[in-house]
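Please report on the structure shown below.

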Amino acid sequence: NVGSYYESSNFSVDSKNPEVSNVSASQTGGTTDVVILYDLVDVTTAGHLVEIDISDDGGSTWTVADTSLNGAVGSGQITGTNQTITWDAGTDFAGQYEADMRVRVRSIDYYGNQGAYSSSSSFSIDTAGPVISNLVGVQDAGANTVTVTYDLSDDAASGLLVSLDISEDGGVSWLVTDTSVSGDIGSGQTTGVGNSFTWDAEADFAGQDVPNMRVRLSAVDAFSNSGLLLESSDFTLDTADPAGLAGLSAFSTTNTTATLNWTPATDTNFDHYELWHGATQADVQGRTGTALEWNTTDDPLLSNALTISTVITGVVTTSDLFVKIWAVDSFGNELTVSDINVYVASAPTPTPTPVVASGGGSGQGLGIVNPVPSAPILSPIAQRVNYTNIRVSGLAEPGYLLHLYDNGSFVGEFISPADAFGRFGELFTLTEGIHRLAVQAVDSRRILSPFSETVTFVIDLSPPVPSEIKAPSSNLINDETPVLTGVAEPFATIEIVLDNTTTFVVEADNDGNWSLIIPSISALDIGEHEFTIRVIDQANNVSEPSSVIVELVPGVVVTPLPIIGGETLPPVVIAPVAPSLELLEELSGAIELPGLPRPQVTQAVSQATGNTFRFAGIAMPNSDVAVYVHSTQALAYFTKTDDEGVWAVEHSQDDVELAPGDHTIYAVAVDPVAKVKTGPGAVSVFTVEKNMFASAFSYLNLYTTIATLIVLMIILAWLQSLRRRGVEQVQ
């Protein structure tokens, strides 16, 4: 018997694959985002799974990470045109420039029908930051401007923003105003070699004389990719006028000459004295019109800052002769004093009063009493010298002999008297040590003048002691721009040579402390490097070199070098505690200076005896240090460094137990006097070993746990089957 058909209602069948078309992609200006557009057509309009692949080689491979996607991608998508996906290439594809990028898109519909991939055309992507190189800053000769040159490269050739910072302390801080700049700086810059801009230091940084200025630049391209900061080497900047010039006067004159003297100027970059003279005061003051210049061409000694006199010739001193002096440095900074008039009207000659001798009748008692010679003027001598032949010079009345005294004792008589212009000078051989020179003038009747003012200086023939090197304290370092610190003779110049190629110069302070932050332009490569340090004292004596050899090993946790003499630092045993109110105020109120040397953790080990851990490291000497430990717990230790910057603490597991496993540790140092602090130091990792039970438990990994669960399920099923059989037997 055959029954009749029963017909269903209408229903849909979708076995057609969805179609993706018009795929395009481009990077959005100002960001590292890539916007992907596509059209999706299918009979089933919803419930699509949209998949995407990305290629960086024109479609040969599709392996670029695409974890940072949002928009019309993944499950639950609908059909339509201009569907939009955004890919954060800055996250998945950082530091890259590719001109042959592609994306491909396909869809799987609700019924599992899978469409073919549709690929975009090739497009460019830029997630690489600009690169600045060959950065140099130098003050322009004869001017208070600084010219900075640099090279700039980037895949986007235009539309770059170049930013400037300026430091007056070798990179410790970057607080100098830089508002007065012009040239290749700021927005809208282009790539190229030899880009340059000018900084008007007179406007932003007037009255300064700094030996370790630095500039640093950073660049951002049109896609907001930031390049690395690059620092220049140190350069000298002098916007300060010379100091000390005073007391211009006419020492002596003839009808056609004027011998002038003054108190000498001081300046780091002294260049010359210049004197202007003439009969019209306004012209002399303005250095214009009828005024004439007397300079180093006329008297080469005017190029020496210690010169105290000159003789202007070819002038007329029997009428008004105005003279004005300027001290000028190499950058055009200058100092002057009020002008003088050399001409002095002669007073009437008085009639001599006879003096009657009281006895003897020789007639020698009649006449005029001759005045005592005027006190000579000694030229200054450099405060410290490393030679024994010293030229002693100055001014005295013309034709007079000179006697030299040193530390109050007579040394000898000058061979030659003062010349017609009053100048004298002679070499004397002196011994090492402190000298206090003075001279007396002697006239033809052997009458002595008052002593000159004393000139004090030191002859130092001994080389300084080599510098003690405080940091790096380990021969293994993990910082490509490490900080070097040491102790040498106070106020000495420290010359540091890196790998016999690059030289740095810093100055020791009044306690002999010095430091150098290796600039990023001289960043160390991975491997071994040697620093050779020489000390140059104020007399230009040079010490024997001292050296330190370090090896740059990225990521290494450094261990300290042995302390010389076998000394050990007694640890500060302290449990993790809340900081005092005073220390909290120090930490919160201190200004973080990026250039300060950050603390290092050089040791984090369990003690051989006892249930303790020892943490040690180095930081700024005599500073407060906060040491932070992080894992599942957060602990803080507070201690101080010693005079050499070393700190150490011990943690007892009996007080607070650190959980087994890896823990991170870092430190921050604060100077409570200067109210500055460092940034956090490099993070180091140490491990707390697990006890026996924890070690056994570690074997219960994912696979053994799953196996155990399966066995338990089988046992439960077997027990359940036994229970059912028991129930059936009862029934």
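The side chains of Ser55 and Asp57 make a polar contact of 2.7 Å. A polar contact is a pair of N or O atoms within 3.5 Å; within protein, one must be able to donate a hydrogen and the other to accept it, and residues adjacent in sequence count only if both atoms are side-chain atoms. The Ser55 side chain also reaches the backbone nitrogen of Gly59, at 2.9 Å. Ser55 belongs to strand 3 (residues 48–55). Helices (H or I, at least four residues) and strands (E, at least two) are DSSP runs, numbered from the N terminus. Ser55 is buried, with a relative accessible area of 0%. Buried means under 20% relative accessible area, exposed over 50%, and partly exposed in between (1.4 Å probe, protein chains only). Setting aside neighbours within four places in sequence, Ser55 is in contact with Ser60, Thr61, Trp62, Val64, Asp100, Met101 and Arg102. Contact means heavy atoms within 4.5 Å.

This is a predicted model: local features need pLDDT of at least 70, side-chain atom pairs count only at pLDDT 80 or more, and totals for chains, interfaces and linings use all residues. Residues are numbered from 1 along each chain as its sequence is written, and side-chain values use heavy atoms, with hydrogens and water left out.

**Confidence**

pLDDT is the predictor's confidence in each residue, from 0 to 100. The protein has a mean pLDDT of 84, and 82% of its residues reach 70 or more. Residues 355–368 are below 50 and have 7 contacts in the model beyond near neighbours in sequence. Residues 691–705 are also below 50, with 4 such contacts. Where pLDDT is low, the predicted coordinates should not be read in detail.

**Whole chain**

The protein has 6 helices and 52 strands. Of its 731 residues, 41% count as buried. Residues 24 or more positions apart account for 64% of the contacts with a separation of 6 or more.

**Strands and sheets**

Strand 20 (residues 257–263) is mostly covered, with 6 of its 7 residues buried. A hairpin of 3 residues joins strand 19 to strand 20. Two strands pair if DSSP finds at least two bridges between them.

| Strand pair | Sense | Bridges |
|---|---|---|
| Strand 19 (residues 246–253) and strand 20 | antiparallel | 5 bridges |
| Strand 20 and strand 23 (residues 309–313) | antiparallel | 5 bridges |
| Strand 41 (residues 527–536) and strand 42 (residues 546–552) | antiparallel | 7 bridges |

Ala250 stands opposite Leu260 in strand 20. Thr257 stands opposite Thr313 in strand 23. Thr532 stands opposite Ser547 in strand 42.

An open sheet of 5 strands runs in the order 36-42-41-38-39, with mixed pairing. Strand 36 (476–477) and strand 39 (502–507) stand at the edges with a single partner strand each, so one side of each is left without a neighbour in the sheet.

**Nonpolar cores**

A nonpolar core is a set of buried Ala, Val, Leu, Ile, Met, Phe, Trp, Tyr and Cys residues joined through side-chain atoms within 4.5 Å. The largest core has 24 residues; Tyr150, Trp199, Met213, Leu217 and Leu237 touch the most other members. Strands that each supply at least two residues include strand 10 (131–139), strand 11 (145–153) and strand 12 (160–167). Strand 16 gives the most, with 5 residues. Beyond residues up to four places away in sequence, Met213 touches Ile166, Ser167, Glu168, Trp199, Phe205, Ser233, Asp234, Phe235 and Leu237. A second, separate core of 22 residues includes Val23, Ile36, Ile54 and Phe123.

**Single residues**

Asn134, in strand 10, has a phi of about 50° although it is not a glycine. For Asn407, phi is near 55°. Asn407 sits in the loop between strand 30 (401–406) and strand 31 (409–413). Asn407 is partly exposed, with a relative accessible area of 40%.

Lys677 lies in strand 51 (residues 676–677). Lys677 counts as buried, at 18% relative accessibility. Lys677 and Arg598 are 79 residues apart in sequence and 9.0 Å apart in space, C-alpha to C-alpha.
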